[in-house]
Amino acid sequence: MSRIDNRDVLELRFRDVVSGVTGGERATLALRHREDAAKTVRITNVRSEGGEVRADLGDLPLDDGTWDVLWIDHDGRHNPVATKDPGFSLAERQAYLAEPRRRELRVIRDPQGRLRLRSTSVTPYAEVSWVEVGSETVTVSGVLAYAPRGEGRATAQIVADQRELSGAVVAEADLVDGRFTCDIPLRPIVTQHDPDRAHNEWDLWLRTPSHEEGLRLGAHVDDIVGKKKKVVFPGVLLRGVADSIRIRPYYTVDDELSLLATIGREGRR
Amino acid sequence: MKITILIANAYGMGGTIRTVFNLAGGLAERHEVEIVSLVQHTEEPFFTLPDGVRLRSLTWIGPPTEGRESPGRLERRRERRPARPVPPSEFRRNRYLNARTEREVRRLLRRTDADVVMGTRPGINLMLAKWAPRRLLTIGQVHTHLGSHGPDLRAEIRRRYPRLDGLVVLTDSDRDMFADFLRPPPGWLVTMPNALPPGHYPRSSQENPIIVAAGRIAAVKQYPKLLEAFSMVAHVHPEWRLRIYAGGEGQDDLRDQIADMGLSNQVTLMGRTRDLPGELSKGSILAVSSRYEGFGMTIIEAFSVGVPVVSFDCPQGPREIIEHERNGLLVPAQEVTSLGWALLRMVENHDERLRMSDAAIRASETYALPVITRRWEEYIEERRASKTAH
């Protein structure tokens with residue numbers, strides 16, 4: 001077992017993950033940056049009990065990137081830590097989103113079975129859990145990620161920003177205990193469609209009292225990178241003044257959620 | 001013992017190449033093993049050559065480089081003619097089985113100091129049957145279904161395979177088919193499953209609400225049927241996901257079906273992966289909706305990471321690997337609703353999944369490389385003894 005909890009404590013169940021290390025041995029761990037071996041950080045705040053080791057990484061200065069997790073033996077040798085843990089627990093990743101933070105730590109298992117840690121600078125965002133395409137609306141729901149989740153109901157809006165143009169559509173969102181849901185009306189998107197552009201993209205933001213500037217909607221918790229080609233939503237065709245406009249939610253190359261509006265024909269997705 | 005394995009092109013990236021490399025690595029622990037490729041088109045093979053295994057090629061078909069010239073006119077003409085005794089349908093499937101490579105294979109067979117020579121596809125097995133001198137022990141490997149061969153190839157197989165010293169197939173169902181077709185003497189024909197590549201496998205926690213499917217996008221995999229079955233789970237348990245690891249053409253059609261069926265939030269087309277065991281271990285169930293499976297390597301890979309399998313009981317493959325109710329569930333072939341119910345049962349029974357996960361790991365040990373290698377060694381020894389006795 002090798003996990004990161006939501007307080008950035010790396011938990012290792014040693015009997016499971018390291019061969020040649022007994023539970024009673026005092027564990028010394030270090031992290032070495034994959035792209036710059038000179039960057040090696042010794043983990044000082046380590047507690048071991050029985051076969052379990054808890055290493056607090058919360059205060060460690062770690063640059064963005066992937067780090068090898070190393071175990072230092074009595075002779076000072078740095079050994080890779082092998083793991084049988086797949087390095088992905090959806091429930092734990094979801095719990096991890098609940099705390100405000102600027103740095104995200106994830107444990108990873110590489111194809112050879114070595115334990116690694118990925119450190120990424122993050123900003124608060126709105127994690128999308130469900131998208132439903134209706135005849136006149138697109139309904140999105142999800143949770144606040146890395147942002148404070150106030151208790152009870154709060155005012156919030158989804159803002160659809162027309163990319164590289166000035167159009168905007170604002171819709172009231174339901175925000176309760178950090179969970180949001182919103183029906184985004186599609187008629188205003190049809191009305192503001194610029195026919196001179198082949199594609200009108202509308203980027204989606206969640207505006208909350210503590211994030212007036214908006215939190216970008218995206219889906220990052222499930223470990224799937226590159227959703228643009230992997231996830232496809234149905235489109236809906238709406239009659240405009242001159243043309244019919246087809247609107248379809250999609251994930252961008254950064255796995256952020258947007259709406260794509262194009263001049264559409266019947267029967268085409 | 002010196003063992004030579006002949007393969008059409010060891011430098012490509014097919015399933016046969018991967019399993020041949022794997023077996024060669026296992027045999028190389030105690031024997032001298034050489035893989036001989038009829039052709040070579042790149043400097044380095046796609047798959048990593050296992051330790052202790054030698055690789056060489058008989059002909060260069062890549063772009064001319066220093067020391068490697070383009071074939072002359074005579075050689076080009078030979079490349080257009082099938083090797084003897086390769087029939088037209090087999091030559092159409094694999095153009096490397098030509099008169100140019102035949103000359104090289106015959107030269108190799110005349111001069112080699114190997115004890116055992118193995119073929120890895122019908123055309124090569126036929127060449128061994130015709131051209132190998134009596135001092136060599138010849139073993140044919142079968143990686144494809146007998147039913148998929150044309151009448152001309154079947155006729156050549158019937159005529160020439162009996163001259164081989166042994167034939168090895170992947171499944172018992174293949175064995176039964178060849179037994180009916182060739183009426184071989186006892187001990188000549190055996191089933192030898194593919195082995196799991198050695199490595200440190202992860203272990204599914206059975207916590208993630210993820211069903212996995214894997215295999216190229218092809219009609220035989222019947223992914224539309226899997227979508228239908230999964231939709232029975234999806235409506236009742238919206239937190240469950242289906243991840244399909246597949247490459248190949250036809251992705252657009254599948255994407256449209258996913259959207260049309262309202263499964264966009266729950267089904268993801270993951271593309272290909274180089275670490276299938278790693279991805280399987282993130283899931284809790286493997287679903288197999290194939291019309292037929294040649295062998296079912298994915299099922300064994302799922303077992304190796306503690307993932308039970310729900311599968312159509314299609315001809316070959318799954319029924320020989322999955323023990324129903326123990327490490328997975330087999331449902332009648334083509335019955336989509338049964339597949340859906342079986343998936344639903346697994347989704348809703350965490351304890352059952354944990355029990356099956358343990359059993360799956362135990363079942364996968366049968367396919368460990370040292371175990372399969374030992375079976376090969378015993379078979380080769382038996383065949384040598386039988387040949388000497390006659």
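**View 1. Helix 11 and helix 14 of chain B cross**. In this predicted model, the axes of helix 11 (residues 297-304) and helix 14 (residues 350-364) of chain B come within 7 Å. They cross at roughly 120 degrees. Axes are lines fitted to C-alpha atoms, for helices over the stretch in contact, and angles run from 0 to 180 degrees between N-to-C directions. Helices (H or I, at least four residues) and strands (E, at least two) are DSSP runs, numbered from the N terminus.

**View 2. Residues where helix 11 meets helix 14 of chain B**. Helix 11 of chain B brings B:Ile300, B:Phe303 and B:Ser304. Helix 14 of chain B brings B:Ala360, B:Ile361, B:Ala363 and B:Ser364. Contact means that C-beta atoms, placed from the backbone, lie within 7 Å. By class, five of these residues are nonpolar, two are polar and none is charged. Ala, Val, Leu, Ile, Met, Phe, Trp, Tyr, Cys and Pro count as nonpolar, Asp, Glu, Lys and Arg as charged, and the others, Gly among them, as polar.

**View 3. Chain B against chain A**. Here 24 residues of chain B are in contact with 21 residues of chain A. Helix 9 (251-260) and strand 10 (267-269) of chain B each give two or more residues to the chain B side. Helix 9 of chain B gives the largest share, five residues. The chain B side divides into six nonpolar, ten polar and eight charged residues.

**Notes.** Residues are numbered from 1 along each chain as its sequence is written, and chains are lettered from A in the order in which they are written. Local features need pLDDT of at least 70, side-chain atom pairs count only at pLDDT 80 or more, and totals for chains, interfaces and linings use all residues.

Notes: Two residues are in contact if their C-beta atoms, placed from the backbone, lie within 7 Å.
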